[in-house]
Amino acid sequence: MQECDLIIIDDVFYVEPTRAELQVFYRAVTFLNETRSIIFITNRELSAWIDAAEDKHLCQTLLDRITANCQIVHLTDK
């Protein structure tokens, strides 16, 4: 992944992560977000990520970090 300019992560929070999984995901995203472009694909609203996470504070911190300098594209089937 360190050689890629763009990382695409699909089905984010499709399955509710454990605290340990969320910590690993947070560390990876924090590292990659500094030097790479990342596309997150999810069927859940971002607000629902917090409800799905065991560690709500860490999840909110993750959301704050990835949405700080981002562009959100919301696609619908309409």
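## Terms and basis

Ala, Val, Leu, Ile, Met, Phe, Trp, Tyr, Cys and Pro count as nonpolar; Asp, Glu, Lys and Arg count as charged; the others, Gly among them, count as polar.

The model is predicted: local features need pLDDT of at least 70, side-chain atom pairs count only at pLDDT 80 or more, and totals for chains, interfaces and linings use all residues. Residues are numbered from 1 along each chain as its sequence is written, and side-chain values use heavy atoms, with hydrogens and water left out.

## Salt bridges

The structure holds three salt bridges, each defined as a side-chain nitrogen of Lys or Arg within 4 Å of a carboxyl oxygen of Asp or Glu. Arg 19, Glu 54 and Asp 55 are linked in a network of such bridges. Between Glu 54 and Arg 19, the closest N and O atoms are 4.0 Å apart. For Asp 55 and Arg 19, the N to O value is 3.8 Å.

Arg 65 forms a salt bridge with Glu 34, their closest N and O atoms being 3.9 Å apart.

## Accessibility

Buried denotes under 20% relative accessible area, exposed over 50%, and partly exposed the range in between (1.4 Å probe, protein chains only). Asp 55, at 18%, counts as buried, whereas Glu 54 at 48% is partly exposed. Arg 19 is partly exposed at 38% relative accessibility.

Arg 65 is partly exposed at 33%, while Glu 34 is exposed at 59%.

## Pocket lining

The residues that line the largest pocket comprise twelve nonpolar, seven polar and four charged.
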